[in-house]
Amino acid sequence: MDKLVLASRNKHKIIEMQEILRGLGIEVLSALDFPELEDVDEDQPTLEGNALKKARYVHEQTGLPALSDDTGLEVEALGGAPGVYSARYAGQNVTYQDNVMKLLKELDGVDKRSAQFRTVVALADGDQEYTFEGVCKGEILTEQKGDKGFGYDPVFQPAGYELTFAELDAPVKNKISHRGRAIQKFVEFLKT
Ligand code: IMP
């Protein structure tokens, strides 16, 4: 494999994934390099389903191996919500901040605050399709801390750390994060 398209226009995700894939000798493009690509409706009931749907579409349109990711924040006290609906937790066309505020409201007064991020990365290349899962366990704080990262990062503190994802430097987040772990599995797969 000498070229790969990341099936995403999210600059935060693209930077994180390009950083992890650096040094493999693969030219890593993204959906930003293919303006004709349409947004894929993430209407599948699982992260796996959405990740495969995005990777398949981008592979069909570009003819290149396509790698996508779909991520959900699974909060124990909320029965695994927002999960696959993490991007639209507070409604359609909402901001990251709207979703974070809704989460803090739902957990108001709740002591048990354990949660995990789960990412499924999917590779589509012709009739070859593979998925790789990464999980990062932690807890949801009662207030926001830090201004790095994106999404729920300011309220998510990974297990074993006293800082949120929004306070940790990118290389540290990439090493322990759900997305970092899923992509590491993909890298191992490429090497074997
Ligand atoms: P997506 O469908 O994979 O884009 O992810 C769903 C939602 O999860 C996004 O809108 C973000 O709010 C959130 N999310 C995904 N990855 C991360 C992350 O690494 N940190 C914090 N929030 C994230």
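Student: How far is an oxygen atom of the ligand from an N or O atom in the side chain of E42?

Tutor: The model is a predicted one, and the distance is computed from its atoms. A polar contact requires a pair of N or O atoms within 3.5 Å. For the side chain of E42 and an oxygen atom of the ligand, the separation is 3.2 Å.

Student: What percentage of the area of the ligand does the protein bury?

Tutor: The reference is the ligand taken alone, which exposes 470 Å². Of that area, the protein buries 94%.

Student: Which residues are linked with K13 in a network of salt bridges?

Tutor: Side chains of opposite charge can pair when their charged atoms come close. A search of the whole structure finds 18 salt bridges. The network that includes K13 also contains E16, D69, D153, K173 and R179.

Student: How many residues apart in sequence are the parts tied together by R179 and D69?

Tutor: R179 and D69 form a salt bridge, with their closest N and O atoms 3.1 Å apart, and both residues are buried. R179 belongs to helix α5 (residues 178–191) and D69 to strand β3, so the pair ties together parts separated in sequence by 110 residues.

Student: Is D39 buried or exposed?

Tutor: D39 and R9 form a salt bridge through their side chains, at 2.8 Å from N to O. D39 is in the loop between β2 (27–30) and α2 (47–62), and R9 is in the loop between β1 (3–6) and α1 (11–21), 30 residues apart. R9 is partly exposed at 33% relative accessible area. With a relative accessible area of 69%, against a cut-off of over 50%, D39 is exposed.

Student: Which element gives the most residues to the largest nonpolar core?

Tutor: The largest nonpolar core has 17 residues, and those with the most contacts inside it are L73, L103, I140, Y152 and F156. At least two residues of this core come from each of β3 (66–75), α3 (96–106), β5 (114–125) and β6 (128–140). With three residues, the element that gives the most is α3.

Student: With which residue does the side chain of Q116 make a polar contact through its side chain?

Tutor: Q116 lies in strand β5 and is buried, with a relative accessible area of 17%. Setting aside neighbours within four places in sequence, Q116 is in contact with residues including L73, C136 and F156. The side-chain to side-chain polar contact, at 2.9 Å, is with K137.

Student: Near what value is omega for the peptide bond from A81 to P82?

Tutor: Most peptide bonds are trans. P82 is found in strand β4 (residues 82–83). The bond from A81 to P82 is cis, with omega near -5°.

Student: Near what value is phi of N93?

Tutor: Most residues other than glycine have a negative phi. N93 is found in the loop between β4 and α3, and at 83% relative accessibility this residue counts as exposed. Phi of N93 is positive, near 55°.

Student: What distance separates the C-alpha atoms of E167 and K148?

Tutor: E167 lies in the loop between β7 (156–158) and α4 (170–176) and counts as partly exposed, at 25% relative accessibility. Beyond residues up to four places away in sequence, E167 touches K145, G146, K148 and E162. E167 and K148 are 19 residues apart along the chain, and the distance between their C-alpha atoms is 6.0 Å.

How values were computed
Residues numbered from 1 in each chain as written. Predicted model: local features only at pLDDT ≥ 70, side-chain atom pairs only at ≥ 80, totals over all residues. Heavy atoms only, no water. Core = buried A, V, L, I, M, F, W, Y, C linked by side-chain atoms within 4.5 Å. Buried < 20%, exposed > 50% of the residue type's maximum accessible area, 1.4 Å probe, protein only. Helix = DSSP H or I, 4+ residues; strand = E, 2+ residues; numbered from the N terminus. Polar contact = N/O pair within 3.5 Å; in protein donor to acceptor, adjacent residues only side chain to side chain. Areas by Shrake-Rupley, 256 points an atom, 1.4 Å probe, with all protein chains shown as cover. Salt bridge = Lys/Arg side-chain N within 4 Å of Asp/Glu carboxyl O. Contact = heavy atoms within 4.5 Å.
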